[in-house]
Amino acid sequence: MGRGRPGTGVQALSSNIRVRFTWAGRRCSEYLDLAPTPANIKAAERLMARLHHEIEYDLFDYARTFPNSEFARAEAERQAEAEQQALAEREAETTYFCDFADRWLASLTVEKSTYSCYLGAIEEVWKPHFRDRPIGSIRPSEIKAIVAELAKRVTGKTVNNSLIPLRGVFAAALDDEIIDRAPTLNIKNLKHQSPKPDPFRAEEMEAIIASLYDRYDPQVAHWYEFAFGTGLRPSEQIVVRWGDIDWNGGAIRIERARVRAVVKSTKTSSIRDVDLTDRTLGVLDRQRSFSFMKGADAPIFENPSSRLPWPDVQDQRKLYFHPTLLRLGLRKRDAYQTRHTFATLALMAGVNPAYIARQLGHANTAMLFKHYSKWIDGADAGREKSKLNGVFGPKLDQKVSILPGISQPFGVLGSTKVLRNREKRAGDPYGTRTRVFAVRGRRPRPLDEGAVKRRPALYGRAGPPSTQKMQLRPRGVPAPSFPGSPCRRAGRRAPATGRH
């Protein structure tokens, strides 16, 4: 068995042949699946001679020469990653923001209203800054500067809405491996004050409905009386049809909405049945004479001027609702407050919150408690507060007994620290000293007559405890002082006591 010539890098082992060589500054070692015969050793030496020649002229391909090598596979994977990274960098440098944003918008499957908002933000906010910029060159600091400038002109909610499509564009670029990190990753939403429900009181609601009946076509009043009585969203009410009404069951099915002239599913993408009260059924009965004969698929409410379905919910608000509020001297509010009015009046009437949530189309009562908890608290007419008063003690003007024969308002003695009266009480026939102890935050416990008898020096030697009363010194009358008292020796006036 040959051993290979020295300097060739060939070494014959017991069952195969090992070759060693240096490539790219690394010492490499591979095993040939050949028996260590003289002929195979000669073949290995020829292989090494060709290998050194290819390395010298930069023609060596490790994976082709040693296809079964673990090192070759790892090296091939590393080279593929490097090539992919280089390709992504080149693509990031040649893919411009405006082109990729248009591709992202074209791939969306959202409602038309949502698409319009995204398109407006891309065109009006982000393209003016990043239109001809490679998408991989945009930095977080640039986006933050634009957000800061935008926040000076619009509300925080508008800024946050503008960030939504921008995050979508960079998320898509990240998925396509055009960029390795989204610059919007650490950009937070701005804080903003969410609008609170501003419903009408019951008397305001009635005044609005009466004014609409008095001043406009009855169909206008029918629209708002039905809105107040059902709590429907305006986008839902505008497309309710006569065929949606269950006259026997006294309910109406809500399964569609119209937003920006497009009929779509409801906001929560769910179908619900809304119960109708006698009053709302009366509204529908009066509305029959205007649109019922147009068919089951005809909208219930229509524009009284054109006798055609309402195109949107803007005309009703601008032409009728806001002028009515102005005429009645009510604060200007959006017509969506009819929905909030339905919810709050129902809660204050004691209607089950779960039932109201189903009427409004909420999945559960969480949304109801989040937005209308103020009116839920006001629905008990003070009953819960009365329960608290019963649990946590007497009122402030109620007299409680601290010591036998001594009565004081609970709110006075119950909130003071330990008081020590070291002066002779005015009008005390026995000249005894009385110490009054009170613990902050606790209701004092009355003492029995036995305690008075056992410690007369502390509680006094007066007659029956129920006849002894604490006498308060009038304001401005100096307290008596005694020889040896600190105030007497210091030549100061004794502090006023008996008032707290």
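The legends below describe several close-up views of one predicted model. Because the model is predicted, local features are described at pLDDT of at least 70 and side-chain atom pairs at pLDDT 80 or more, while totals for chains, interfaces and linings use all residues. Residues are numbered from 1 along each chain as its sequence is written, and side-chain values use heavy atoms, with hydrogens and water left out.

**View 1. Helix H9 spans residues 218–230**. Helices (H or I, at least four residues) and strands (E, at least two) are DSSP runs, numbered from the N terminus. The 13 residues of H9 reach 18 Å from first C-alpha to last, close to the 18 Å expected at 1.5 Å a residue, the expected span being 1.5 Å times one less than the number of residues. H9 is mostly covered, with 12 of its 13 residues buried, where buried means under 20% relative accessible area, exposed over 50%, and partly exposed in between (1.4 Å probe, protein chains only). Among these buried residues are His222, Trp223, Tyr224 and Phe226. At the N-terminal end, aspartate 217 caps H9 through a side-chain oxygen that lies 2.9 Å from the backbone nitrogen of glutamine 219, and just after H9, glycine 231 takes a positive phi of about 75°.

**View 2. Histidine 340 lies in helix H13, which covers residues 337–348**. Histidine 340 counts as buried because its relative accessibility is 13%. Not counting residues up to four places away in sequence, histidine 340 touches Pro197, Asp198, Pro199 and Tyr372, a contact being heavy atoms within 4.5 Å.

**View 3. Histidine 362 sits in the loop between helix H14 (353–360) and helix H15 (366–377)**. With a relative accessible area of 18%, histidine 362 is buried. When its neighbours within four places in sequence are left aside, histidine 362 is in contact with Arg233, Arg339, Ala357, Met367 and Leu368.

Key: A polar contact is a pair of N or O atoms within 3.5 Å; within protein, one must be able to donate a hydrogen and the other to accept it, and residues adjacent in sequence count only if both atoms are side-chain atoms.
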